[in-house]
Amino acid sequence: MANEPPLDELDEYRDLLVGLVRMHVLHHAAQEEIYGVWMIDELASHGYRLSAGTLYPMLHKMVRDGYLTVRSERDGRTVRKFYAATDKGRRGLAVARERMQIFTRKGTADDS
């Protein structure tokens, strides 16, 4: 990850990057069910440092907004919540991916 910005720079621009984190969550939740600790580790592998106190409220809001569903599974004394993308979440991810292409296209008039 030689091209990753320094962690303090990621913290400085956290308000801008939160949308990318949500897209990342939707990307994985559209592929298969996810759970919080796994998502924290996955995001960390891409340079995002999120605590449970940041991620879980984000997941709960995404459920309230209709982008994710949640189900609980008990394993002994432990209850784990699994999140999956809804149809609205998949559509939202597709729209976001389309809009992000403006930043990756070469030779467009918007390259200035």
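Student: Let's start with Glu73. Is it buried, partly exposed or exposed?
Tutor: Glu73 is partly exposed, because its relative accessible area is 38%, between the 20% and 50% cut-offs. Keep in mind that this is a predicted model.

Student: Which residue does Glu73 form a salt bridge with?
Tutor: Arg71. Their closest N and O atoms are 3.0 Å apart.

Student: Which residues are linked in that network of salt bridges?
Tutor: Glu33, Arg71 and Glu73. Arg71 also pairs with Glu33, with 2.7 Å between the closest N and O atoms. That pair links distant parts of the chain. Glu33 is in the loop between α2 and α3, while Arg71 is in strand β1, 38 residues apart.

Student: Why can side chains pair like that?
Tutor: Opposite charges can pair when the charged atoms come close.

Student: And how exposed are Glu33 and Arg71?
Tutor: Glu33 has a relative accessible area of 36%, so it counts as partly exposed. Arg71 is partly exposed too, at 35%.

Student: How many salt bridges does the structure hold?
Tutor: Three. One of them joins Asp65 and Lys61, at 2.7 Å from N to O. Asp65 is partly exposed at 30% relative accessibility, and Lys61 is partly exposed at 37%.

Student: New topic: pockets. What is the volume of the largest pocket?
Tutor: About 180 Å³.

Student: Which helix gives the largest share of its lining?
Tutor: α2, with four residues. Helix α5 also supplies at least two. The lining includes His24, His27, Tyr48 and Arg97. By class, the lining has five nonpolar, two polar and one charged residue.

Student: What about the second largest pocket? How much space lies in it?
Tutor: About 150 Å³. Its lining takes at least two residues from each of α2, α4 and α5. Asp65 and Lys61 are among the lining residues, and those are the two that meet in a salt bridge.

Student: Last one. Which residues form the nonpolar patch on the surface?
Tutor: Leu20, Met100, Ile102 and Phe103. Together they have about 350 Å² of accessible area. Leu20 and Met100 also line the largest pocket.

Student: Where is Met100 found?
Tutor: In helix α5. Met100 counts as partly exposed, because its relative accessibility is 31%.

Key. Residues numbered from 1 in each chain as written. Predicted model: local features only at pLDDT ≥ 70, side-chain atom pairs only at ≥ 80, totals over all residues. Heavy atoms only, no water. 1 Å grid on protein atoms, 1.4 Å probe; cavity = no way out; pocket = protein on both sides within 12 Å on 5 of 7 lines; lining within 4 Å. Points joined across faces, edges and corners; volume = space filled by probe spheres on them. Nonpolar A, V, L, I, M, F, W, Y, C, P; charged D, E, K, R; others polar. Patch = residues over 30% accessible without salt bridge, like charges linked within 9 Å, V, L, I, M, F, W, Y side chains within 5 Å. Areas by Shrake-Rupley, 256 points an atom, 1.4 Å probe, with all protein chains shown as cover. Salt bridge = Lys/Arg side-chain N within 4 Å of Asp/Glu carboxyl O. Buried < 20%, exposed > 50% of the residue type's maximum accessible area, 1.4 Å probe, protein only.
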